[in-house]
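Subject: Handover of a structure and the findings from it

Dear colleague,

Please find below the structure that I am passing on to you, together with its sequence. The findings follow directly after it.

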Amino acid sequence: MKKAKPSEKTESVRIRRTWKLGARRLLMALAGALIYAVGLGFFLEPNRLSAGGIAGIALLVSQAVPVGTGILILILNIPVMLLGMWKFGVRFMSMTVGVLVVSSPLIDLFASWGALTEVPLLAALAGGALMGTGMGVLYRAGASSGGMDVIAKLIHLRFPYFKTGGIFLVLDSIVLAATALVFRDVDLALYAAVGILVSTYLLNIVLYGSDEARMVYIISDKPEELAEMILKRDRGVTFLQGYGAYSGNEKKVLLCVLRPKELPFARELVASCDPNAFMIVAGASAVFGEGFKPYGAEDL
């Protein structure tokens, strides 16, 4: 049997990895589309609770025309999809179009089965949580649910310091105000607002929650001993050169980045090794590198 050349083996491994990554993203996109459709179809749409964005506009239009909300979402997304293809390319938008084709009929199907709860507050909480989770999963897969997602992505590209959830909150508030005027029901609008807030919170959790970390500075007379104990827990430590303003002595300051759940062990470690040490904890909204978020990961 003829052995494959090293370059051929490398190419084969690359192709397999590409296929695995593509399959994983596809499954994530399908799961996100299903979660999104369940939230809208079983909870929000049957209770006339605005989902914000294109979905909220579709709900308003469906009151005037005999067309399902899901199909209207698909129709209203056509110009947005064309804009997205021009700005982001066919590859990204092809997954988004696929999500719309899958989720839109499911929304109408689930809505036709009736609401799982007719209590507005429960519907807003459950629907908002499911929609936010679904959209977050879609973004992680490199897709979106279309509509305001694409517009939010455009705004995020221009202003990367704006978090996606915050962008949605502003856009959805505009749609929510229009919904309150059309239905002339303040209570309904307030319940819908609760759903949008929950959706925004869950979206940020799915997208950014895993990036949360704690930056810990330790000033101690036993820096080497502490560093060795931390390294045994498979966490990196960096020595910073410090200089005491009062004592005039040079000191090594330990810097390490930990997950929030690892903070209690660090406190116990410092207390047991050097009770007189200073331990300063600061928040880190995102950490890139080994053990944390990869540099190539998408922010949306």
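In what follows, contact means that heavy atoms lie within 4.5 Å. Please also bear in mind that this is a predicted model.

Helix 10, which comprises residues 263-273, lies across strand 1, strand 3 and strand 4, and runs at about 165 degrees to strand 4. Helix 9, residues 223-231, lies across strand 1, strand 2 and strand 3. The angle between helix 9 and strand 3 is about 15 degrees.

The sheet itself is open and is formed by four strands in the order 2-3-1-4, with antiparallel pairing. Its edges are strand 2 (238-243) and strand 4 (278-284), each of which pairs on one side only. On average, neighbouring strands of this sheet are turned by 25 degrees against each other, with direction ignored.

Within the sheet, strand 1 (residues 213-219) and strand 3 (residues 250-258) run antiparallel and are joined by six bridges. I219 has V253 of strand 3 as its bridge partner.

A salt bridge also involves strand 3. The whole structure contains two salt bridges according to the search, and one of them is formed by D221 and K251, whose closest N and O atoms are 3.3 Å apart. This pair links distant parts of the chain: D221 is in the loop between strand 1 and helix 9, whereas K251 belongs to strand 3, and the two are 30 residues apart.

How many cavities of 30 Å³ or more does a search of the whole structure find? The search finds two. The second largest cavity holds about 40 Å³ of space. Its lining is made up of L44, S50, A51, G128, M131, D172, G195, I196 and S199.

Which helix supplies the largest share of the lining of the second largest cavity? That helix is helix 8, with three residues. Helix 5 (120-140) and helix 8 (186-208) each contribute at least two residues to this lining. By residue class, the lining of the second largest cavity divides into four nonpolar, four polar and one charged. Glycine counts as polar in this division, and the lining includes G128 and G195.

With kind regards

Note on methods: Residues numbered from 1 in each chain as written. Predicted model: local features only at pLDDT ≥ 70, side-chain atom pairs only at ≥ 80, totals over all residues. Heavy atoms only, no water. 1 Å grid on protein atoms, 1.4 Å probe; cavity = no way out; pocket = protein on both sides within 12 Å on 5 of 7 lines; lining within 4 Å. Points joined across faces, edges and corners; volume = space filled by probe spheres on them. Pairing = 2+ DSSP bridges. Axes fitted to C-alpha atoms, helices over the stretch in contact; angles between N-to-C directions. Salt bridge = Lys/Arg side-chain N within 4 Å of Asp/Glu carboxyl O.
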